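Trainee: I have a protein model open beside its sequence, and I would like to learn how to read it feature by feature. Could we go through it together, starting with the strands?

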Amino acid sequence: MYRIAEVAVLLGVHKDTLRRWEREGKVKAVWLGRERRFPEEEIRRLLGEANPDTVVLYARVSGHDQKGDLERQIEALREAYGSKFSNVIVLTDIGSGLSTSRKGLRKAMELARERKIRAVACTYSDRLTRFGFEYLEEYFSSFGVEILILNREEDKSPQQELVEDLLTIVTSFAGKLYGHRSHKVKKLKEEMKEALKRLDTDDQLKTP
C-alpha cells in the first residue's frame with residue numbers, strides 16, 4: 001500500500017490528479033482510517049506492467065494414503081485452467097489445511113510476491129486453507145494474483161463440515177503437543193470422532 005504522495009512521484013502526476021482519478025473510478029484506493037492508500041497492483045496497472053500469464057495449480061490432501069486424490073485434483077485443474085494460461089506450475093502439499101509450514105503454499109505465496117504468476121487455482125477453497133480464506137485471498141490480490149476456485153461448494157452437510165473442522169483443529173493442536181505421529185494424537189482423534197458421532201446421534205433423536 002502506497003501513500004498518495006508516493007504514488008504521485010511514481011506516476012509523475014499531481015496528487016489532485018490521483019484524487020480525481022479515484023472519483024472517476026480510474027484507480028482504486030483503500031482507506032486506512034482517514035488516509036487513502038493505493039495498492040501496488042493498481043500502480044503497476046497504471047504503469048502498464050502486468051504479471052506473467054502463469055497459473056499455479058495447487059492441490060492438497062491430508063495424508064499420504066490420499067495421493068490418488070492429489071492426482072485427481074491436479075487433473076481436474078489442468079482440464080479447467082491449463083489451456084487458459086500460457087504457463088502452468090503445479091504445487092502440492094500433504095498435510096493439514098491449518099499448517100503454516102506447507103512448502104507448496106509458501107512457494108505459491110513467494111511467486112505471487114515476486115510477481116511471477118497471475119492466478120492460483122484449486123478445486124475447493126479449503127485446499128488452500130481450512131480457516132481464514134479471505135485473508136489469503138486478500139494477500140494474493142495485493143500482488144495482482146487471482147484465486148480461482150473450481151468448485152465453490154462441496155457436497156457436505158453443515159454437520160459434516162463442523163465435524164471436519166473440529167477434527168482438524170484438535171489434530172493440529174494435539175500434533176504440536178505430542179508430535180503428529182504420536183499414538184496419543186491418533187487416540188485423541190478417534191475419541192473425538194466417537195464423541196461427535198454420539199452428539200450427532202443424540203441430536204437426531206431429539207429432532208421431532
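Trainee: In which sense do β4 and β6 pair, and over how many bridges?

Mentor: The general idea is that strands of a sheet pair through backbone hydrogen bonds, either parallel or antiparallel. Here β4 and β6 pair in the parallel sense over three bridges, where two strands count as paired if DSSP finds at least two bridges between them, and where strands (E, at least two residues) and helices (H or I, at least four) are DSSP runs numbered from the N terminus. Within this pairing, valine 56 has valine 120 in β6 as its bridge partner. Before we go on, please note that this is a predicted model, in which local features need pLDDT of at least 70 and side-chain atom pairs count only at pLDDT 80 or more, while totals for chains, interfaces and linings use all residues. Residues are numbered from 1 along each chain as its sequence is written, and side-chain values use heavy atoms, with hydrogens and water left out.

Trainee: In what order do the four strands of the open sheet lie?

Mentor: The order is β5-β4-β6-β7, with parallel pairing. Because β5 (87-94) and β7 (146-149) stand at the edges with a single partner strand each, one side of each has no neighbour in the sheet. On average, neighbouring strands of this sheet are turned by 25° against each other, direction ignored.

Trainee: How many bridges join β6 to β7?

Mentor: Strand β6, residues 119-122, is joined to β7 by four bridges, and the two run parallel. Alanine 119 stands opposite glutamate 146 in β7, and alanine 121 stands opposite leucine 148 in that strand.

Trainee: Which residues of β6 are buried on its two faces?

Mentor: In a regular strand the side chains alternate between the two faces of the sheet. Buried means under 20% relative accessible area, exposed means over 50%, and partly exposed lies in between, using a 1.4 Å probe and protein chains only.

Trainee: Which strands does helix α7 lie across?

Mentor: Helix α7, residues 133-141, lies across β6 and β7, running at about 135° to β7; such angles run from 0 to 180 degrees between N-to-C directions, with axes fitted to C-alpha atoms, for helices over the stretch in contact.

Trainee: Which residues form the aromatic cluster?

Mentor: The cluster consists of Tyr139, Phe140 and Phe143. Rings of Phe, Tyr and Trp (its six-membered ring) pair if their centres lie within 6.5 Å, and planes under 30 degrees apart count as stacked, over 60 as edge-to-face and the rest as tilted. Tyrosine 139 and phenylalanine 140 are edge-to-face, at 5.6 Å centre to centre with 80° between the planes. The rings of tyrosine 139 and phenylalanine 143 have centres 5.1 Å apart and planes at 70°, so this pair is edge-to-face. Tyrosine 139 is partly exposed at 22% relative accessible area, whereas phenylalanine 140 is buried at 0% and phenylalanine 143 is buried at 14%.

Trainee: Is glutamate 42 buried or exposed?

Mentor: Glutamate 42, found in helix α3 (residues 40-46), counts as buried because its relative accessibility is 7%. A polar atom of its side chain lies 2.7 Å from the backbone nitrogen of lysine 28.

Notes. Contact means heavy atoms within 4.5 Å. A polar contact is a pair of N or O atoms within 3.5 Å; within protein, one must be able to donate a hydrogen and the other to accept it, and residues adjacent in sequence count only if both atoms are side-chain atoms.
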